[in-house]
Amino acid sequence: MKESLPIATGLPPLSLYVHVPWCVRKCPYCDFNSHGVGRGAELPEDAYLEALIADLEADLPLAAGRELVSLFIGGGTPSLMSAGFYERLLQAVSDRLPLARHIEITLEANPGTLERGRFAGYRAAGINRLSLGVQSFQDAQLSALGRIHGGDDAAAAFDEARRAGFDNLNLDLMHGLPGQTPALALADLERALALEPEHLSWYQLTLEPNTEFHSYPPALPEEEVLWDIQDAGHERLEAAGFARYEISAYARQGRASRHNLHYWRFGDYLGIGAGAHGKLSLPGPEGLQIERRWKSRRPEDYLRRVNDPRGFVAGRGLIDERELPLEFAMNALRLVEGVPLSTWQAHTGRDDSVLLERLSAAREKGLLVEDADRLGASPRGLLFLNELLAMMDDVGQ
C-alpha cells in the first residue's frame, strides 16, 4: 500500500490520545491501564470529563496551537461512556486546538450488548472511526480470553455500527490462542472478512508481564503451528484485498489507520487521561529534544489531581540522544514499506553514514531492504524484528 510519507521538517505532526481506564472486567492477557468495575457500574463521567479538559488545558503550551491530525480514544473500554460525554469532550478539544479538515477520530468499543445501543450517538458526536475488540468469533476462545461477549454479539455489533453510519471500521483479532489450530484461526478470519471491514488488526497473543496469563500461562500452540497460522493468514488476507502495511495491521486501499501511522512515523502526540502517555518534540538551543511524559495512573488519583497544583503529570523525561535511533526504529521498522532514509537524520540527529555503516551486517543477513533511499525491514526482517532492532540499538552507541 503506497501512501505519502511526510518528511520531518521543524516540528512533526501532532495527534491526541485520550485514555478511558475503566472496563467491565479485566482480561487475563491485558497489560494496559484498565480497571474492572463490573456490569452496570455508574462511572464518574462528569468528573472525568472535567479532569480531561483540565489535563488538556495544562498541556496546551506544548501544542503551541499546532493542528491535530488524528484523535484516538482508547482504554479500558471507552464505549462504557455515553455519547454525550464524547460530544462534550470533542467540543472542548476543538475549542482549544485546531483540527485537521479530515481528522480521523477513533473510538475503541467493546462488542458486548452493553454498549451497542450507543453507536449512533457516537457517530453523531463526531467519532468517524470505530475499532471493535472482537479478538475471536468462537465462544470457547472468547471464554478462555475472559471476554464478556460471544461471536454472534461481535457480528451484531458490527452490523449495528454500519447502521449507525460508520463507514470506517476496524476489527481487532488475535491468533495463537490457547489450543488454536490453523483451521480455527482461518475460520476467525473468514467470519471477519464476511463482514467486509475496512481494516483488520490481526496480532498474536503474547504473555505480557503483570498479567494473569503471565502468572498462570495457558497452553499456547507450538512455534511451528504459529508459523503455519501466520503464513496462512497473511495469504488469505492478501487474497481478500487487504494490504499489510504494518506487522499486524491490514487495510483496504486508503484505509490504513492515520493515528497508528502517525505513531510509527514518530509523530508527536499529547496524552490525556489516567495513565496516558505523550511524546513531544521541544525546540531547544541545540535543536529539537524529545520528551516523553505520562499521567497519574490510578483513576481515583487522576481525578484528585484536578485541584492539585502539581497537575496530572506523574513523570517525564527527555529521550537520551543515544536512545533515539532505537526509539525511532522501534516505530519505523514496523511499517512494511519503511520510511524515507531522509527521516532518519531529521528524527535522530544521526548522520546517514553512521546508520549505513552500522547496518551493513543487517543487510548482509537479509533483514533490511536494499533500497538506498529507504529504511525498511525486509520480509525476513519483519519476522525477526527483535534481531534487527538490536542492530539499530547498536547504531546509537
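A crossing is right-handed if the near helix is turned clockwise from the far one by less than a right angle. The views below come from a predicted model.

**View 1. Helix α1 passes helix α2 in a right-handed crossing.** Helix α1 covers residues 45–63, and helix α2 covers residues 83–96. Their axes come within 11 Å. The axes cross at roughly 15°. Angles under 35 degrees count as roughly parallel, so α1 is roughly parallel to α2.

**View 2. Side by side: the residues that make the contact of α1 with α2.** Helix α1 contributes E45, D46, Y48, L49, L52, I53, L56, E57 and L60. Helix α2 contributes F85, R88, L89, A92, V93 and R96. By class, 10 of the contact residues are nonpolar and 5 are charged. No polar residue takes part in this contact.

**View 3. Strands β12 and β13 form a hairpin.** Strand β12 spans residues 277–284, and strand β13 spans residues 287–295. The two strands run antiparallel. They are joined by 8 bridges. Between the strands lie 2 residues. G284 stands opposite G287 in β13.

**View 4. Strand β13 also pairs with strand β14.** Strand β14 takes in residues 313–318. Its pairing with β13 is antiparallel and extends over 5 bridges. Here W294 faces G315 of β14, the two standing opposite each other.

Notes:
Residues numbered from 1 in each chain as written. Predicted model: local features only at pLDDT ≥ 70, side-chain atom pairs only at ≥ 80, totals over all residues. Heavy atoms only, no water. Axes fitted to C-alpha atoms, helices over the stretch in contact; angles between N-to-C directions. Helix = DSSP H or I, 4+ residues; strand = E, 2+ residues; numbered from the N terminus. Parallel < 35°, antiparallel > 145°, perpendicular 65-115°, else oblique. Contact = heavy atoms within 4.5 Å. Nonpolar A, V, L, I, M, F, W, Y, C, P; charged D, E, K, R; others polar. Pairing = 2+ DSSP bridges.
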